[in-house]
Amino acid sequence: MQTRINTAIAGLTLITALGAAPVYADPAAAGTYKIDPQHTSVHFQVNHLGFSEVVGRFNDLSGKIHLQPDGESSVDVEIQTASVDTNYDKRDDHLRSPDFFNAKLYPVIRFTTEKVSFNKNGEPEKVTGKLTLHGKTGPVTLSIQPVGAGDDPWGGYRIGYKATGVIKRSDYGMNFMQGGIGDDIAINLNIEAIKI
Amino acid sequence: MNTTAQILLPTLILPALLSFSLLGLGRRNPTVHKSLILAWLPSYLWINGVPEFLSRDATHWLWLVALLAAAAAFLQRRPPRSAAQTAVLLTGLLTVAWPLAHLITAVFLLGLGATLLIGASLHYFSDHRPALPITTIAVSLAGLGLLSSFGGSLLVGQLAIALAMVLSAFSLAEIFRLQVRTQFPSELLGPFCTLYLLLLAIGRVYADLPTGPVALLLIAPTAGLVARWRYSVLVSATLVIAALVWSLVSDASATYS
């Protein structure tokens, strides 16, 4: 009797775990995905006076991913500039000002794909595209690391990636306080998207 | 160059040196004083960077506004001169407003209208009342510089303080010359009034400087229109201090760096 109970508990545990957890490392299924803003973050990191690295994020973004390993794939993301958040309101106000992002004049940061490269497993590994920031458009390359893909507990299909890259703010005409505030901006994205 | 030098050199030292140089040149040829605004342009280029042509960013047009206003200062007859200065101000205000045309509200238009009205009054009366002191403009510029540096845009703040430094050199000379009962030609004030009002508008519109303190700074230079020299500087300084205190009281975290 005890053996049957233990077997039943083990079976239920396994079923629950399989149902709740995505199947990691599976190549993402081809299709179109909507970025889930609640589980996606865009972080940036910039040097402050040579002393430290300040980290910030944007809280309001949207976008779509179209995956077609043997065809044309794309990633399009729109970020609301005014949603910049460095955990300090005064600094966020300053970042929105004409000194940096000039958020009133340039309310949206936009990334559009030119090319998505896939590895031999059919997973995206590099995205090149155009970043429009501060009224200027320039080329950007992001390295992609797949995190997971699979069915979610609510009947949908999700994919997740980490993306990293570096841009120079001077390339986008954001030149104020060069020297004091670093020119190189490291970008880290954690993207989760739901198949539509 | 360290950050402190990067801020102080273009904001304080360079404009003061160039202003005193033009002051010296102007002793032999007073016409030089009308181009005093040129002492600010190197600081502008240093702080703002080389401006982009056809930019939507209003700060990239300030050099042209400065040159046009300086050109207007050379007009000999008074009514065309004040009208030309007002036209330059109107053009500058349009460069501030047009990129945000889709956001324009009645309050926005009211603010622009008030700025234009005060600018037109300053230009008109500075032509008809030579006693309008440059110190009131310098004090207002310094106030805008501090307000914007602490509470909005360091760029706008630095540009305003650099302008204040250019005027301060002449203001010292004015104080000295008043003791011997002579004054600077009032037409040199035109470019400074115009740039002051434009920087104030840019600070309010793009850096969200608080409305109340900005309103006080808007009327601060008009003290020169309604009061005698010594009192006008006092009134102007009082309005500027009130604006700064108001801003500090309403925003306890104004010590951001």
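I began with a term: two strands count as paired if DSSP finds at least two bridges between them. I note also that the model is a predicted one.

I looked up strand β11 of chain A, which covers residues 184-195. Which residue of β11(A) does A:Gln45 stand opposite? I found that A:Gln45 faces A:Ala186 there. Strand β2 of chain A, residues 41-48, runs antiparallel to β11(A) and is joined to it by five bridges.

I then turned to strand β1 of chain A, residues 31-35, and recorded three bridges to β11(A), again in an antiparallel arrangement. A:Ile35 has A:Ala193 of β11(A) as its bridge partner.

How many bridges join strand β10 of chain A to β11(A)? I recorded eleven, with β10, residues 157-168, antiparallel to β11(A). In this pairing I noted A:Gly160, whose bridge partner in β11(A) is A:Glu192.

**Entry on A:Arg158**

I next examined A:Arg158, which lies in strand β10 of chain A.

I looked up the polar contacts of its side chain. One, of 3.0 Å, is with the side chain of A:Asp36. Another, of 2.7 Å, is with the side chain of A:Asp152.

Finally, I listed the contacts of A:Arg158, leaving aside neighbours within four places in sequence. Among them are A:His39, A:Gly148, A:Ala149 and A:Gly150. The list also includes A:Glu192, A:Ala193 and A:Ile194.

Key:
Residues are numbered from 1 along each chain as its sequence is written. Chains are lettered from A and ligands numbered from 1 in the order in which they are written. This is a predicted model: local features need pLDDT of at least 70, side-chain atom pairs count only at pLDDT 80 or more; totals for chains, interfaces and linings use all residues. Side-chain values use heavy atoms; hydrogens and water are left out. Helices (H or I, at least four residues) and strands (E, at least two) are DSSP runs, numbered from the N terminus. A polar contact is a pair of N or O atoms within 3.5 Å; within protein, one must be able to donate a hydrogen and the other to accept it, and residues adjacent in sequence count only if both atoms are side-chain atoms. Contact means heavy atoms within 4.5 Å.
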